[in-house]
Amino acid sequence: MTGCPVVTENALAVFEGKVVSSVDAGTHTVFIADVASAHALKAGRPLSYAYYREHLRGKTPKYAPTYMPAKAIESTREKREEDAMKKYICDVCGYVYDPAEGDPDNGVAAGTPFDKLPDGWVCPVCGAGKDQFSPEG
Ligand SMILES: [Fe+2]
C-alpha cells in the first residue's frame, strides 16, 4: 500500500495506482494508471457494470449527488444536439459555417459540429481561424 487513504467500507478489494494519463470522455474522465498495489479485502460478489445496467438500468440512483430527473436528462440531451447543429459566423467576412452542410470542399463532411472541425480548419472564404468565429444568434 502507498499510504494514501482508501475507502474499504462496502469494498471487496482495493487497487492503488499512479495516474499516468487521463482522457476526457465527455461525460466523465477516464484515468489511466499503473497499478501500484492490489489487495483482496473479503470474498463476495462485486458490483459490476452488468449489475448496474441490469438493476439500475444505467440511471443514477435518486439520492446520488449526480442524480438528474429523466426530464432534465432529456432536455440536456436536446440542448446538446441543438448546440452540435448550431451555425457559426466568421467575424471577419460573415461566412456562415452550417454543420448540416459541413465544408465538403475542404474535407469536412455534412453533419460535423463546429467544435469537431479539425484544428487547422480555416474559413473557406477569408482564411480566418476557428477562434474568429462566433455562434449565430
Ligand atoms: Fe471568413
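Predicted model: local features only at pLDDT ≥ 70, side-chain atom pairs only at ≥ 80, totals over all residues.
## Iron site

The iron ion has four donor atoms. They are the SG atoms of C90, C93, C123 and C126, at 2.3 Å. The angles among the donors run from 102 to 114°. The site is tetrahedral, because four donors count as such when all angles lie between 85 and 135 degrees. Along the chain, the donors follow the spacing C-x2-C-x29-C-x2-C. The pair C93 and C126 links distant parts of the chain, 33 residues apart. C93 sits in the loop between β3 (88-90) and β4 (96-97). C126 sits in the loop between β4 and β5 (133-135).

How many disulfides does a search of the whole structure find? It finds zero. A disulfide is a covalent bond between the sulfur atoms of two cysteines. For this search, the two sulfur atoms must lie within 2.5 Å.

Side chains of opposite charge can pair when their charged atoms come close. The whole structure holds two salt bridges. One joins the side chains of E74 and R77, with an N to O distance of 3.0 Å. The other joins K79 and D83, whose closest N and O atoms are 3.2 Å apart. Both distances fall within the 4 Å limit for a salt bridge.

Why are E74 and R77 separated by about one helical turn? They are three residues apart in helix α2, which spans residues 70-84. K79 and D83 are four residues apart in helix α2, so they too are separated by about one helical turn.

E74 has a relative accessible area of 34%, so it is partly exposed. R77 is partly exposed at 40%. D83 counts as partly exposed at 35%.

## Nonpolar patch

Which residues make the nonpolar surface patch? They are V20, V23, V30 and I32, and the patch covers about 290 Å². The elements that give two or more residues to the patch are β1 (13-24) and β2 (29-40).

I32 lies in strand β2. Its relative accessible area is 40%, so it is partly exposed. I32 and A109 are 77 residues apart in sequence. In space, their C-alpha atoms are 32 Å apart.

N10 is placed in the segment before β1. Is N10 buried or exposed? At 73% relative accessibility, N10 counts as exposed, because the cut-off for that label is over 50%. Phi of N10 is near 60°. That is a positive value in a residue other than glycine. N10 and P46 are 36 residues apart in sequence, and their C-alpha atoms are 9.7 Å apart in space.

V96 is in strand β4. Its relative accessible area is 35%, so V96 is partly exposed. V96 and C123 are 27 residues apart along the chain. Their C-alpha atoms are separated by 9.0 Å.

Notes:
Residues numbered from 1 in each chain as written. Heavy atoms only, no water. Patch = residues over 30% accessible without salt bridge, like charges linked within 9 Å, V, L, I, M, F, W, Y side chains within 5 Å. Areas by Shrake-Rupley, 256 points an atom, 1.4 Å probe, with all protein chains shown as cover. Buried < 20%, exposed > 50% of the residue type's maximum accessible area, 1.4 Å probe, protein only. Donors = N, O, S within 2.8 Å, 3.2 Å for Na, K, Ca; no water. Tetrahedral: all angles 85-135°; square planar, octahedral: opposite > 155°, others 65-115°.
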